[in-house]
Amino acid sequence: MLTSIGKFLRKLRVDHGEILKDMAEKLDVTVSFLSAVENGKKHMPATWNSKICALYDLNEVQQKEFTTAIAETEEAIEMDLVNANIGRRELAVSFARRFNNISDAQVEEIRKILLKGGKE
């Protein structure tokens, strides 16, 4: 089954005149792995997010489409807290614990904060 992320990757590939082999080489994976990601049989590695944005020089609109496709496809998120200080670790754990109880209004507030991303 073609997922949102699969559709995005396939369109990106086609728009750049690439075949599976071309994109797979850029991402340093096998053709079969990339095909499995496109077809929803494998999950897209988290490292691909920034890698694809850089490799394909995605503009702001494309980055938003990519983020939306990831959000529509992913069922679980893994966070690397290895180098995070205690404050960041506590924030991540608190957020995860309360995730399902956050109101839609709170979701919008948090999204606005994250979208600013230090642009102040």
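Reply: A crossing is called left-handed if the near helix is turned anticlockwise from the far one by less than a right angle, and right-handed if clockwise. In this model, which is predicted, helix α4 passes helix α5 in a right-handed crossing. Local features here need pLDDT of at least 70 and side-chain atom pairs count only at pLDDT 80 or more, whereas totals for chains, interfaces and linings use all residues. Residues are numbered from 1 along each chain as its sequence is written, and side-chain values use heavy atoms, with hydrogens and water left out.

Me: At what angle do helix α4 and helix α5 pack, and how far apart are their axes?

Reply: Two packed helices are described by the angle between their axes and the distance between the axes. The axes are lines fitted to C-alpha atoms, for helices over the stretch in contact, and the angle runs from 0 to 180 degrees between N-to-C directions. Helix α4 (residues 48–55) and helix α5 (residues 60–73) pack at about 155 degrees, with axes 11 Å apart. That makes α4 roughly antiparallel to α5 (under 35 degrees counts as roughly parallel, over 145 as roughly antiparallel, 65 to 115 as roughly perpendicular, the rest as oblique).

Me: What share of the residues of the chain counts as buried?

Reply: Of the 120 residues, 23% count as buried (under 20% relative accessible area; exposed is over 50% and partly exposed in between, with a 1.4 Å probe and protein chains only). One case is L58, in the loop between α4 and α5: its relative accessible area is 5%, so L58 is buried. L58 and V82 are 24 residues apart in sequence, and their C-alpha atoms are 29 Å apart in space.

Me: Which residue forms a salt bridge with R10?

Reply: A salt bridge is a side-chain nitrogen of Lys or Arg within 4 Å of a carboxyl oxygen of Asp or Glu. By this rule the count comes to six. One of them joins R10 to E38, with the closest N and O atoms 3.1 Å apart. R10 lies in helix α1 (residues 4–15) and E38 in helix α3 (residues 31–38), so the pair ties together parts that are 28 residues apart in sequence. E38 is buried at 1% relative accessibility, while R10 is partly exposed at 30%.

Me: Which residues form the nonpolar patch on the surface?

Reply: Patches are made of residues with over 30% relative accessible area and no salt bridge; like charges are joined within 9 Å, and nonpolar side chains (Val, Leu, Ile, Met, Phe, Trp, Tyr) within 5 Å. Here F95, F99, I110, I113 and L114 form the nonpolar patch, with about 510 Å² of accessible area together (Shrake-Rupley method, 1.4 Å probe; for residues, only the protein chains shown count as cover). The largest share, three residues, comes from helix α7 (residues 104–116). F99 sits in the loop between α6 (86–98) and α7, and is partly exposed at 48% relative accessibility.

Me: What is phi at D28?

Reply: Most residues other than glycine have a negative phi. D28 has a positive phi of about 60 degrees although it is not a glycine. D28 is in the loop between α2 and α3, and is exposed at 67% relative accessibility. D57 also has a positive phi, near 45 degrees. D57 is in the loop between α4 and α5, and is exposed with a relative accessible area of 65%.

Definitions and conventions
Helix = DSSP H or I, 4+ residues; strand = E, 2+ residues; numbered from the N terminus.
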